[in-house]
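Subject: A structure for you to look at

Hi there,

Here is the structure I promised to pass on to you. Please open it beside this email and follow along as you read.

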Amino acid sequence: LIWRYFASFLREEDHWLPPDNWQEKPAAGLARRTSPTNIGLALLSVMAAVDLDLLPQDQGAGLIRHVLNTVEGLEKWRGHLYNWYDTVSARPMAPRYISTVDSGNLCGSLIALAAGLEEWGEGELAARARALSGAMEFRPLYDPDGRLFFIGWEAERDRPTPGHYDLMASEARQTSFIALARGEVPLKHWRCLGRMLLGDNDYSGMASWTGTMFEYFMPHLLLPCEPNSFLYETLSFCIYAQKRRGSRTNTPWGISESGFYAFDPGMNYQYKAHGVQALGLKWGLDSELVVSPYSTFLALQLAPHSAMRNLRRLRDMGLEGRFGLYEAVDYTPSRLSGEGTYEVVRSYMSHHLGMSFLSMVNALEENQMQRRFLADRDMAAFCAACQEILKGS
């Protein structure tokens, strides 16, 4: 069902770019804009569909070719895509902005894509994917004084966003790894990423900012961590704390940034980070309760049995629709409109579906996407020379 989203919406009228989301109810329809993260995950989702025999390889290669044709022609900043493009016009949306984490997501996807295309015997396509990833300059997004990456770059004002990614347990961990592996930033950057510990019962792990599954597990789609390492134990701690929140509230578990049951003037679901207080430094995270199915998909590699039980529970609650499980279920009392105990957020986000799909493939195909990412010479060499990167030391 998840693949049906990309099969339906990677189409010529949107320049083969994945629309950001599709809202079923209220019927807002398709959001015809896209981001670097959406594009990267869509490319790998095509490859995943071939891995799972949902799409013939020649059709998958053709679809990837269409997407790469568009991406090569998009307006860029130092090799980076801007954070939002209109899929109808294929032009950047104002204000033009470069997101550090989104660029890292796309770059990592292109690195893994190139390795997969080589497996398929599609050398020319692989070279195009490598050229796009190689053209992305991460040094301008790095603050040498703070030894950290800026949140992003405001292209209209030609200046960085005043803020940094300063935690190891962050969705930007993949950006840091890639930039270090390519020698664009000094090794001391890794040591500057915060490793503050938080605890829940007798378990502990590194703190994130908002306590989301996204922060801990988004990089894990491509970047593995060694069993029994500090980072591995942190990911396990994240799952433990997430499951405890579900047990305390008698709800399914899995909380992350997602849509929730509130609307803007256009009747589109609003979106923000929801988290677990035991994992996050930001206060007030347990004041709301929004469970997102993609958060459980992200746990498939580390906790497959409990993740499957949780996904079945969500399905049995009636959350399955046209493109798989809906975006979220909102238990926050102030947003309940009737006598029920929850409201279903009946929409689908492109990047959440992509993350779910890649998690499935990694779980079923022996970490296929991680293996492809580390098939890159620079990524593999850096991993071998600096094992502490994967150990989280």
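By class, how many nonpolar, polar and charged residues does the lining of the second largest pocket have? Keep that question in mind for a moment, and remember as you look around that this is a predicted model.

**The second largest pocket**

The lining here has 15 nonpolar residues, one polar residue and four charged residues. The second largest pocket holds about 480 Å³ of space. To find its centre on your screen, look for Ile2, Phe297, Met308, Leu311 and Met360, which lie nearest to it among the 20 lining residues. Several elements supply at least two residues each to this lining: α1 (2-9), α11 (304-319), β20 (324-325) and α12 (350-364). Helix α11 gives the most, with five residues.

**The largest pocket**

Now move over to the largest pocket, with a volume of about 710 Å³. It is lined by 33 residues, and the closest to its centre are Asp20, Trp84, Tyr271, Met349 and His351. Two or more lining residues come from each of β1, β2 (29-31), α2 (36-51), β8 (97-99), α4 (100-119), β17 (269-272) and β22. Sorted by class, the lining of the largest pocket has twelve nonpolar, 14 polar and seven charged residues.

In case you wonder how such spaces are found, rolling a probe the size of a water molecule over the atoms shows where empty space is left.

**Aromatic rings**

Next, the rings. The model has 20 aromatic pairs. In one of them, the ring centres of Trp22 and Tyr348 are 6.2 Å apart and the planes meet at 25°, so this pair is stacked; the cut-off for stacking is under 30 degrees. Trp22 belongs to strand β1 (residues 21-25) and Tyr348 to strand β22 (residues 343-349), so the pair links distant parts of the chain, 326 residues apart. Both Trp22 and Tyr348 are buried.

Compare that with Tyr82 and Tyr85, whose ring centres are 6.5 Å apart with planes at 50°, so that pair is tilted. Tyr82 counts as buried at 4% relative accessibility, and Tyr85 is buried too, with a relative accessible area of 0%.

Which residues do ring pairs link into a cluster? They are Trp3, Tyr5, Phe6, Phe9, Trp22, Phe323, Tyr326, Tyr348 and Phe357.

**Charges over rings**

The charged end of Arg33 sits over the ring of Trp84, 5.6 Å from the ring centre. Trp84 is also one of the residues closest to the centre of the largest pocket. In a second example, the charged end of Lys272 sits over the ring of Phe260, at 5.3 Å from its centre.

**Some backbone details**

- The peptide bond from Lys25 to Pro26 is cis, with omega near -10°; Pro26 lies in the loop between β1 and β2.
- Ala94 and Pro95 are also joined by a cis peptide bond, with omega about -5°; Pro95 is in the loop between β7 and β8.
- Asp53 is not a glycine, yet its phi is positive, at about 60°. You will find Asp53 in the loop between α2 and α3 (57-73), where it is exposed, with a relative accessible area of 70%.
- Met267 is not a glycine either, and its phi is positive at about 65°. This residue is in the loop between β16 (258-263) and β17, and it is partly exposed, with a relative accessible area of 41%.

Enjoy exploring, and write back with any questions.

Best wishes

How values were computed
Residues numbered from 1 in each chain as written. Predicted model: local features only at pLDDT ≥ 70, side-chain atom pairs only at ≥ 80, totals over all residues. Heavy atoms only, no water. Phe/Tyr/Trp six-rings, centres within 6.5 Å; stacked < 30°, edge-to-face > 60°. Helix = DSSP H or I, 4+ residues; strand = E, 2+ residues; numbered from the N terminus. Buried < 20%, exposed > 50% of the residue type's maximum accessible area, 1.4 Å probe, protein only. Lys NZ or Arg CZ within 6 Å of the ring centre and 35° of its normal. 1 Å grid on protein atoms, 1.4 Å probe; cavity = no way out; pocket = protein on both sides within 12 Å on 5 of 7 lines; lining within 4 Å. Points joined across faces, edges and corners; volume = space filled by probe spheres on them. Nonpolar A, V, L, I, M, F, W, Y, C, P; charged D, E, K, R; others polar.
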